[in-house]
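Me: I have a structure to look at and would like to learn how to read its side-chain links. Please take me through them one at a time.

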Amino acid sequence: RRVVFPDGSMRDYRGTVSGVVTGSGDMISVATMGIEDYLRGVVPREASSSWTADALKAQAVAARTYSAYKRAHASATAPYDICDSTNCQVFGGTRVVQGSTTTELEASSTSSAIDATKGEVLLYQGQPAFTEFSSSNGGWSTDGNQPYLTAHADPWDGLALDDSTSNVHHWQATLRASDLE
């Protein structure tokens, strides 16, 4: 399904797209599809399609599990089970069309990983595990409020390698004193 945005760009989605009125009276678009189709719009956003097949399979299982966890814990009155941003999982849909330029958002390598792991989820005590992750944690993970998500050092983050050129680790912000208070 194609959604046309106010700026004239268009984005294609698998499944159906509905307009849903929120509790505040705003209308939002909600895409509805099966989990395997949904993952085709998530895994290439959350992992580089150039990663090894096994890394992409691991990402597919983690993304599927996180989606199952969020769905199991979604409010019955929420307009959707999971959001499409870095607050949940980055979901891009199938393709973006801007003028005469079409950008495919699905990759064959990530689709192959999704197909190879179809239906696989990680369980904790018989339920989908909470498999939230971050691309960068500054060299130390925080406690995830689950017995299997303990705080620990992460030597693979890159900060430990003193990556002084990384935009993830080196940034600036300007704050007003009143914001800090």
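**Reading the links**

Reply: The structure holds 1 disulfide. Keep in mind that this is a predicted model.

Me: Is the disulfide of Cys83 and Cys88 right-handed or left-handed?

Reply: Handedness is read from the torsion about the S-S bond. For Cys83 and Cys88 that torsion is about 110 degrees, so the disulfide is right-handed.

Me: Are Cys83 and Cys88 buried or exposed?

Reply: A residue counts as buried when its relative accessible area is under 20%. Cys83 has 16% and is therefore buried. Cys88, at 17%, is buried by that cut-off.

Me: How many salt bridges does a search of the whole structure find?

Reply: The search finds 11 salt bridges. One of them joins the side chains of Arg95 and Asp12, at 2.9 Å from N to O.

Me: Where in the chain do Arg95 and Asp12 lie?

Reply: For any such pair, check the position of each partner along the chain. Arg95 belongs to strand β5 (residues 95-98) and Asp12 to strand β2 (residues 10-12). The two are 83 residues apart, and the pair links distant parts of the chain.

Me: What is the accessibility of Arg95 and of Asp12?

Reply: Arg95 is partly exposed, at 26% relative accessible area. Asp12 is buried, at 8%.

Me: Which salt bridge does Arg95 form with Glu104, and at what distance?

Reply: It is a side-chain contact of 3.1 Å, N to O. Glu104 has a relative accessibility of 49% and counts as partly exposed.

Me: What separates Lys57 and Asp54 in helix α2?

Reply: In a helix, count the residues between the partners. Lys57 and Asp54 both sit in helix α2 (residues 53-72); they are separated by about one helical turn because they are 3 residues apart. They form a salt bridge whose closest N and O atoms are 3.9 Å apart.

Me: Are Lys57 and Asp54 buried, partly exposed or exposed?

Reply: Lys57 is partly exposed, at 31% relative accessibility. Asp54 is exposed, with a relative accessible area of 58%.

Technical notes:
Residues are numbered from 1 along each chain as its sequence is written. This is a predicted model: local features need pLDDT of at least 70, side-chain atom pairs count only at pLDDT 80 or more; totals for chains, interfaces and linings use all residues. Side-chain values use heavy atoms; hydrogens and water are left out. A salt bridge is a side-chain nitrogen of Lys or Arg within 4 Å of a carboxyl oxygen of Asp or Glu. Helices (H or I, at least four residues) and strands (E, at least two) are DSSP runs, numbered from the N terminus. Buried means under 20% relative accessible area, exposed over 50%, partly exposed in between (1.4 Å probe, protein chains only). A disulfide is a pair of cysteine sulfur atoms within 2.5 Å.
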